[in-house]
Amino acid sequence: MAEGETELPGSKKCGPYISSVTSQSVNLMIRGVVLFLIGVFLALVLNLLQIQRNVTLFPPDVIASIFSSAWWVPPCCGTASAVIGLLYPCIDRHLGEPHKFKREWSSVMRCVAVFVGINHASKVDFDNNIQLSLTLAALSIGLWWTFDRSRSGFGLGVGIAFLATVVTQLLVYNGVYQYTSPDFLYVRSWLPCIFFAGGITMGNIGRQLAMVSRCLLFPFLYVMHEFSLNGSPLRESNF
């Protein structure tokens, strides 16, 4: 402790730690809520387009809203989006490989637009399902190469596609809903490509939110740190 400082030891030791933990918790909560809302919005839009094109069929009794979607679809997609968006920057930090490729909002928005385009391409008529699946697979990998190019991003995308496809198969098997003209067990063969592209997209959004939130949170942590040490965040020596 420097001479002349009379602050209580408890506030000096615990203040920065408590403010840091609290701020990180608030940071995660805000990012999670934003990712959840984005996932809900995309689910409503994309699912509405699929129903209009007669790709997905829900029982008539569950289509009871203006969004023409089962009530559980948007919350599930929003929750998955929040988990994926928070997981990507966490894995990057754990591996010590911060993702810096095309880190700006314009790139993220283009990634979202390409994802919506890939989803819409699933409704294009091809001669057979194999051609459609291979085309969407190429587009999905192209999306990863254009907006991600990280090994962790590709690995997470493949894992997300596999897990989401298994869950979807179980839901269709239990009669929750169904796909028209299934050709990959109970679903369409191009579905893993959509899940892969969606994982990459939400991962990019999550990474960008993490980067922006750190930039906005750092000044707040600094002020809280100075306040806990000196009793006032405003000192001439700090400016």
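Select α1, α2, α3, α5 and α6: each supplies at least two residues of the lining of the largest pocket. Helices here are DSSP runs of H or I with at least four residues, strands are runs of E with at least two, and both are numbered from the N terminus. A pocket is found on a 1 Å grid over the protein atoms alone, as an open set of points where a 1.4 Å probe fits, with protein on both sides within 12 Å along at least five of seven lines; lining residues have an atom within 4 Å of a point.

The model is predicted: local features need pLDDT of at least 70, side-chain atom pairs count only at pLDDT 80 or more, and totals for chains, interfaces and linings use all residues. Residues are numbered from 1 along each chain as its sequence is written, and side-chain values use heavy atoms, with hydrogens and water left out.

**Stop 1: the pocket**

Stay with the pocket and colour α2, which gives the most to the lining, eight residues. The volume of the largest pocket is about 1000 Å³, where a volume is the space filled by probe spheres set on the grid points, and points are joined across faces, edges and corners. Next select Cys76, Cys77, Ala80, Ala164 and Phe195, the closest to the pocket centre of the 34 lining residues. What classes of residue form the lining? It has 24 nonpolar, 10 polar and no charged residues. In this count Ala, Val, Leu, Ile, Met, Phe, Trp, Tyr, Cys and Pro are nonpolar, Asp, Glu, Lys and Arg are charged, and the others, Gly among them, are polar.

**Stop 2: the whole chain**

Zoom out and show the cartoon. The protein chain has six helices and two strands, in the order α-β-α-α-α-α-β-α from the N terminus on. Of its 239 residues, 38% count as buried. Buried means under 20% relative accessible area, exposed over 50%, and partly exposed in between, with a 1.4 Å probe and protein chains only.

**Stop 3: the core**

Select Leu136, Leu143 and Ile205, the residues with the most contacts inside the largest nonpolar core, which has 34 residues. Such a core is a set of buried Ala, Val, Leu, Ile, Met, Phe, Trp, Tyr and Cys residues joined through side-chain atoms within 4.5 Å. Two or more core residues come from each of α1 (9-52), α2 (73-95), α3 (105-121), α4 (129-147), α5 (151-173) and α6 (191-230). The largest share, nine residues, is from α6.

Now centre on Leu136. Which residues does Leu136 touch, leaving aside its neighbours within four places in sequence? They are Ile118, Ala121, Ser122, Trp190, Cys193 and Ile194; contact means heavy atoms within 4.5 Å.

**Stop 4: an annotated stretch**

Select residues 130-147, one of the ranges that an unreviewed UniProt entry lists as "transmembrane region". UniProt positions are given in the numbering used here, feature names are shortened, and annotations may be inferred rather than shown by experiment. Over residues 130-147 the chain is 100% helix and 0% strand, with the end C-alpha atoms 26 Å apart.

**Stop 5**

Go to Gln169 in helix α5. Gln169 counts as buried because its relative accessibility is 9%.

Move to Leu185, in the loop between β2 (178-179) and α6. Leu185 is not a glycine, yet its phi is positive, about 60 degrees. Its relative accessibility is 66%, so Leu185 counts as exposed.

End at Arg149, in the loop between α4 and α5. Arg149 has a positive phi of about 65 degrees, although it is not a glycine. At 40% relative accessibility, Arg149 counts as partly exposed.
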